[in-house]
Structures are given as structure tokens and as C-alpha cells.
Amino acid sequence: MTELDQNKERRRFFRINDDICLEYDLVSEEEYNNAPAELEAMQHTAFSMSAEFATLNNEFHPLLNNIKQNSPDVAQYLELLNQKIDALSQHLLEVQIGIEDTKMPANISASGIAFRTKTTMNPGQPLRLRIVLFPEKIGIMVFGRVMHCDKEHDSHDEHLVTIDFEHLRYEDQELMIKHNINKQILELRQRSESKDD
């Protein structure tokens, strides 16, 4: 894929402002090159379990809707079981990361992220990022490179860092797209309701 094609691909993902949980590590080029293997290996960890379940839920709900037509009680039972499993995966995620205490604003899309930090980073620096999306509480790990690190004019010690994602599981990218669409729909609905009031 050429650089022009990559830029077109990135532009098809719209960006939103969001409050997320974010942890990141600067990594070596060797670690960065090993990112696909690390993402593959983490599929069954406590952190990634919520994303795995969210992906399965996308397949589960159409089947559940079919069951509701013929057996509403069975469908309700299955839905309750699914909610218990989701609650367990979210609890494991909360135990691993104090997510409520580390929420921060960011501008995010399925192809990159921008956020403020006190850490100075160099363009091209590779990173490993662990992101938790709300309210779903979905944990997603990505690897990306710093594109820009600009000192904020209104702050003495903060920089605005822009990162492009390069290594991201396809399923996680789809979850991020869905999250961003749902958040945008919610914001549009809230704006419409506030105009009506």
C-alpha cells in the first residue's frame, strides 16, 4: 500500500473527542516489529477479554433476535447469561487497570489518537498503547508511531501528541469504529433533544 493509499485509508475513519483510559509505553524497534505476535498472544488475557466478548456479541445479538421470535423466555435467559459474562470480563479489566481513576480526554479514531501528556516524544517513536473505551469498558491494545509532539501554548509542561496506529487487530479496529459511530449518534441525539427543550 502506497503512502497516498494509507492516507486515504486513514481519512475514512472519523475522529471523535472522548474520555478514555490510556496507558502507553515507549518501545524499542525490536519490540515494535514483534507487535503482530504480541497482539496474537494477548487474545486470551484479562485485558483483551472484554474486546473478545464484544466481538462475539456482534454475532450473538442477531441470533438472539431470531430466538426471541419463537422462544422469548429462552432468549431472556440467554441474554441474562451473556450480561453476567460481560460483567465478569469488565470486572477483570477493572482489577487489572484502575480505569475510573485514569480517565483522560483524547481525540480518537480507528487509525490514530491525539492526547496531552507531560512526556516529550520524538516523531517516529514507536509505542504500545492500552486503551479502554467507555461505557462499554472494552480494552484494546495497539501499536503506533508518534507523528507530532507539539508543546501546548497555554501550558508550561504539556505536549499534544499525535499517534498513528500501525499494528491493530482487525476485530479491535471494528470495535473502535462501532464505538465512535455510537458515540456520534448519541451526541447528535442529545443535541437534537436540547434544541427541542
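R128 is buried at 12% relative accessibility, where buried means under 20% relative accessible area, exposed over 50% and partly exposed in between (1.4 Å probe, protein chains only). This is a predicted model, in which local features need pLDDT of at least 70 and side-chain atom pairs count only at pLDDT 80 or more, while totals for chains, interfaces and linings use all residues. Residues are numbered from 1 along each chain as its sequence is written, and side-chain values use heavy atoms, with hydrogens and water left out.

Now for the partner of R128: its side chain meets that of E38 in a salt bridge, meaning a side-chain nitrogen of Lys or Arg within 4 Å of a carboxyl oxygen of Asp or Glu. E38 sits in helix α3 (residues 35-41) and R128 in strand β4 (residues 126-133), 90 residues apart. Helices (H or I, at least four residues) and strands (E, at least two) are DSSP runs, numbered from the N terminus. E38 is partly exposed at 24%.

Here are some of the pairs:

| Salt bridge | N to O distance |
|---|---|
| E38 and R128 | 3.0 Å |
| D18 and K183 | 3.5 Å |
| K183 and E187 | 3.9 Å |

K183 pairs with D18 and also with E187. D18 belongs to strand β1 (residues 16-26) and K183 to helix α6 (residues 170-196), so that pair spans 165 residues. D18 is buried at 6%, whereas K183 is partly exposed at 22%. E187 lies in helix α6 too, four residues from K183, about one turn of the helix, and is partly exposed at 26%.

Shared partners join E23, D25, E31, E38, R128 and R130 into one salt-bridge network. The count comes to 12 salt bridges.
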